[in-house]
Amino acid sequence: MTATQPPNLVLVPGTPAARLADGRSTIVHVVGARPNFVKMAPVIAALERRMAFRQVVVHTGQHYDSRMSDDVLADLDFPDVDVFLGVGSGTHGVQTAKVLSEFEKVLLEHRPDLVVVAGDVNSTLACALAASKLGIAIAHVEAGLRSFDWSMPEEVNRVLTDRLADLLFTHSPEATDNLEAEGIGGGRIYYVGNTMIDSLRRCEKRARALEAWTTVGMRARDYVLVTLHRPANVDDPARLAGIVQGLEGLAAHTPVVFPIHPRTRARLAEDGGLDRLETAGVACIEPVAYLEFLSLQAGAGAIVTDSGGVQEEASALGVSCFTFRPNTERPVTLTHGTNVLLGEDPTEIAEVRPATHPPTPCAIPLWDGHAGERVADALVANYAMVTGAAEAHA
Ligand code: UD1
C-alpha cells in the first residue's frame with residue numbers, strides 16, 4: 001500500500017501506475033454515434049454504482065443533430081458528457097482522423113488507465129487507435145461481430161478495434177468464436193451478453209405505454225417500420241431508386257412508417273425519391289428519439305432495416321425483422337431471434353407483410369438486461385486500483 005492511498009483501500013496486483021489522489025483509476029468512456037449511447041449507458045451506470053473508478057465521458061460529436069444525439073441521450077438518462085469533441089461529419093478518413101487527433105489531447109490531459117469503446121463506428125476505431133498509441137489499455141464492448149464483408153466501413157472498424165483491445169466483451173458465442181479464430185484469446189474475452197438490450201429492458205415499459213404509432217396515424221401490428229442508412233443501400237442512386245420502388249410496392253398494401261436518417265434523406269431528396277415515397281403514402285418522418293423509436297418497433301407488425309442494432313432490438317421485442325442486406329454480423333438474431341435476411345433484391349421489400357400474431361419472448365442467452373453489470377464486474381476485476389468500494393457494492 002502506498003502513502004497516498006486511503007488506509008481502507010487494497011491494491012489490486014498488476015494495475016497501472018498513474019493514480020488519482022483518491023486512489024481510484026480513471027476510465028474514459030467514448031461515445032460518438034447514436035448506437036453508442038444505447039450500448040454504453042448501462043455500462044457507465046453499473047460502474048457508477050461500484051464507485052471503483054473516476055469516470056470521464058467523452059462524446060466525439062460524430063452524431064450532433066438533436067434528434068440523433070441530445071434526444072437519445074435524454075431518453076437514456078445518460079450522464080453529463082465531460083468532454084465534447086464536436087468533430088461532426090466528413091469523409092470517413094477526415095472524420096476518423098479528426099477524432100483521433102482530438103481524442104489524443106483528452107487522453108494526454110486525463111491520463112486514464114483504461115479507455116472503453118463500443119460498437120463499430122468511426123469514433124470507436126479512432127479512439128481505440130489514439131489510446132493504443134499512448135499505451136493505454138482498451139476495452140471493447142460488442143467485440144467479435146463479423147459480417148466478413150470488407151466493403152462495410154463497420155467491418156474494418158470492428159476488426160481493427162478488436163485487434164487493439166485488451167479486454168473484449170462479446171454478446172454471443174459466435175462473436176467469441178470469431179475472436180478466437182483470429183488468435184485473440186488468453187483470457188481477454190468475456191462473454192457478457194448484450195448491453196443494448198439492457199437499455200431496451202429498462203425503457204421497454206415506458207416505450208410501450210407511449211404508443212408512438214398513434215402519433216403517426218398507425219394501428220398496433222398493422223404497419224411496417226422501415227429504417228435504411230447503410231452506404232451500400234443509400235449512396236448508389238440506382239440501388240436507392242430500386243429501394244424506393246420496393247417501398248412503393250410495400251405501401252400499396254400496408255401502412256409504412258419510415259424515420260429517415262439524415263444521410264438517407266439527403267440522397268432521397270437529390271433524385272425525387274422522397275416525393276415518390278410521400279405520394280405512395282409512406283409516412284416519411286424525421287429520426288425519432290430512443291423511447292419513441294423503441295415504441296414504434298414494439299408496435300410494428302414487421303420491420304425492414306439495414307441497421308445492426310434494430311436486428312437485435314426487434315429480436316428482443318419479438319417483432320419480425322427483415323434485414324435488407326446480403327449478410328449480418330449478428331447471426332444469433334437469425335438462429336435465436338426474429339431476424340430474416342431479405343438479401344439485396346428490392347422487389348423483396350414489397351413482399352413483406354405485418355405479422356398479427358403476438359410477439360414471442362426473446363430466447364437469446366444473456367440478453368437479459370444485466371450485461372452492463374457483467375462488463376462492470378470484469379472491469380473492476382481487471383482494472384480497479386482499489387477494492388474497497390467494489391467490495392462494498394458486492
Ligand atoms: C454511423 C455509423 C454506422 C451506424 C450509424 C447509426 C460509421 C462508419 N457509421 O453511420 O455504423 O449504424 O452511424 O446512425 O461510423 N448527419 C447529420 N446529423 C448527424 C449525423 C450525421 O445530418 O447528427 C449526416 C451527415 O450528412 C453525414 C451523414 O449523416 O455526412 C452520415 O453520418 P456519419 O456519422 O458519417 O455516418 P452514419 O451514416 O450516421
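How far is an oxygen atom of the ligand from an N or O atom in the side chain of His261? The separation is 2.8 Å. The structure is a predicted model, in which local features need pLDDT of at least 70, side-chain atom pairs count only at pLDDT 80 or more, and totals for chains, interfaces and linings use all residues. Residues are numbered from 1 along each chain as its sequence is written, and side-chain values use heavy atoms, leaving out hydrogens and water.

The ligand is surrounded by 19 residues, each with a heavy atom within 4 Å of the molecule. The closest are His63, Tyr64, Glu154, His261 and Arg263. Tyr64 places a backbone N or O atom 2.8 Å from a ligand oxygen atom. Glu154 places a polar side-chain atom 2.6 Å from an oxygen atom of the ligand.

Two helix pairs were examined. Two packed helices are described by the angle between their axes and the distance between the axes. Helix 1 (residues 34-50) packs on helix 16 (residues 371-383) at about 55°, with the axes 8 Å apart. Axes are lines fitted to C-alpha atoms over the stretch in contact, and angles run from 0 to 180 degrees between N-to-C directions. Helices are DSSP runs (H or I, at least four residues), numbered from the N terminus. Helix 1 and helix 16 are therefore oblique to each other (under 35 degrees is roughly parallel, over 145 roughly antiparallel, 65 to 115 roughly perpendicular, the rest oblique). Contact means heavy atoms within 4.5 Å. By class, this contact of helix 1 with helix 16 has 8 nonpolar, 1 polar and 4 charged residues.

Helix 7 (residues 195-210) and helix 14 (residues 308-317) pack at about 60°, with their axes 11 Å apart. Helix 7 and helix 14 are therefore also oblique to each other. On helix 7, the contact residues include Arg201, Glu204 and Arg208; on helix 14, they include Glu312 and Glu313.

Key
Helix = DSSP H or I, 4+ residues; strand = E, 2+ residues; numbered from the N terminus. Polar contact = N/O pair within 3.5 Å; in protein donor to acceptor, adjacent residues only side chain to side chain. Nonpolar A, V, L, I, M, F, W, Y, C, P; charged D, E, K, R; others polar.
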